[in-house]
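Let me put the sequence and the structure up first.

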Amino acid sequence: VEPPRSLSLSCGVHPVTLTATFEGGKDGFLAAIDGRPIFICTERRLAKILAPLVSHMMEWCPGAVLVTFPAGERLKTRASKERLEDRLLESGADRRSLLVVLGGGVVTDLVGFTAGTYQRGIPFVSVPTSLVAMEDAAIGGKTGVNTTRGKNLVGLFHPPAAVIAPLDTLETLPGREFRAGLAECLKHGLIADSAYFAWLAARSPARIRRDPEALWQMVSTSMTIKCRVVGEDPLERSGRRNILNVGHTVGHALERLSDYRTGHGDAVASGLLWEAAAAVLEGHLRKEDLDAIAEVMGTYGFPGLWREADPDRLAEAARWDKKNRSSKIAYVPLAGLGRVALPPPHTTDLTPGLLREARILLEGR
Ligand SMILES: NC(=O)c1ccc[n+]([C@@H]2O[C@H](COP(=O)([O-])OP(=O)(O)OC[C@H]3O[C@@H](n4cnc5c(N)ncnc54)[C@H](O)[C@@H]3O)[C@@H](O)[C@H]2O)c1
Ligand SMILES: [Zn+2]
């Protein structure tokens, strides 16, 4: 079957559209812009890689201004935001203007935050171009930057006017970045959709990338799950959104221990395994389910980062997690391949002892 050309979703805070090609999403894009003067903000490198897409935008919106800058996780900072603000002021962006954010999660977080405070807040439209940005970073309205003390510590809740995700932009995404998104896809299956997890488990990253229909299936399913969970708790009141943090307590700690040299996706993959082992020890999850998760992580080529990490240093690093209350470490245990164990806020303690035992369980497999 031909893949559908576009899928419209909502996450309760803003609309989200997945389109097979950027050109195919022209009407939706122009409706989202709503006749405002636009400033296309993107990474310098990406403006070259996605030159045809940028040309289309410029043609469709006469008078559009292109603002490019170097990006990357290390440049997701207040200093970069300030530089971007100065560029926008010099280019004449005013309160009627709209920012179009083109890029991965770093650019969407940085430019979304900038839009949120520029002249007390102007609208932006997000055009995510990485797998992580499409199914995660661009959805839900959270924006922000890193500081030397940690990631995403300064920011705003500033939802985009719309998210328009063109699937064809993924063609140029490096394999390593694609894999980063796959960790979140596997997480989506594990927290909410056993059939999706089984579907992923029966495939390989290469096979999914090669097959446009499979890619459509995967991205649309993950976007739908993220939208649904955000929609159930748009302002993060009930703690429902914590299910999106499965694998992330240990994952974030692994990133922190590596001084952020480890990729987020690789860290989350090991985090999912380590936390699943803890859930087995606590009687929430069956051992067979842990084995199934471990097998997929192998097939997908994720490095076993958990092997190198010292549980006590990991526990120390995990104390910084934003889910924590007081000095305890919280995590979200799974109950099966497709569901979490506890009601909202879904969290329970991850003690250093449990971390150590979970590690022993993983080693003994
Ligand atoms: N706000 C949120 O709710 C939220 C959620 C998840 C992640 N995030 C943030 O997202 C960021 C990670 O996002 P990311 O993985 O997209 O990182 P990223 O923006 O750095 O993109 C990864 C790399 O891929 C390149 N790239 C992007 N699209 C491309 C394309 N189509 N073709 C070729 N290259 C392309 C980028 O230039 C970059 O080198 C982190 O900073 C994280 O904190 C935010
Ligand atoms: Zn993540």
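Below are my entries, one topic at a time.

**Ground rules.** I'm working with a predicted model, where local features need pLDDT of at least 70, side-chain atom pairs count only at pLDDT 80 or more, and totals for chains, interfaces and linings use all residues. Residues are numbered from 1 along each chain as its sequence is written, chains are lettered from A and ligands numbered from 1 in the order written, and side-chain values use heavy atoms, leaving out hydrogens and water.

**Helix H8.** I looked up which residues of H8 (residues 194–201) are buried, and found Tyr 196, Phe 197 and Leu 200. Buried means under 20% relative accessible area, exposed over 50%, and partly exposed in between (1.4 Å probe, protein chains only). Helices are DSSP runs (H or I, at least four residues) and strands too (E, at least two), numbered from the N terminus. These three cover an arc of only 100 degrees around the axis, so they sit on the same side of H8; the arc is taken from the directions from the helix axis to the C-beta atoms. I noted the general rule too: an α-helix has 3.6 residues a turn, so residues three or four places apart point the same way. Among the elements covering the buried residues are helix H7 (175–192) and helix H13 (287–299).

**H11 against H14.** I checked how helix H11 (residues 248–257) and helix H14 (residues 311–318) are arranged: their axes come within 8 Å and cross at roughly 100 degrees. That makes H11 and H14 roughly perpendicular, a label for angles of 65 to 115 degrees. In H11, Val 250 and Leu 254 are among the residues that meet H14, where Leu 314 and Ala 317 are included. Contact here means heavy atoms within 4.5 Å.

**Gly 112.** I found Gly 112 in helix H5 (residues 105–117). Is Gly 112 buried or exposed? Gly 112 is buried, with a relative accessible area of 0%. Not counting residues up to four places away in sequence, Gly 112 touches Val 107, Phe 124, Thr 143 and His 158.

Gln 119 isn't a glycine, yet has a positive phi of about 45 degrees. Arg 120 also has a positive phi, about 65 degrees, without being a glycine. Gln 119 is partly exposed at 31%, while Arg 120 is exposed at 81%. I also spotted a cis peptide bond joining Pro 344 and Pro 345, with omega about 5 degrees.

Note on methods: Axes are lines fitted to C-alpha atoms, for helices over the stretch in contact, and angles run from 0 to 180 degrees between N-to-C directions. Angles under 35 degrees count as roughly parallel, over 145 as roughly antiparallel, 65 to 115 as roughly perpendicular and the rest as oblique.
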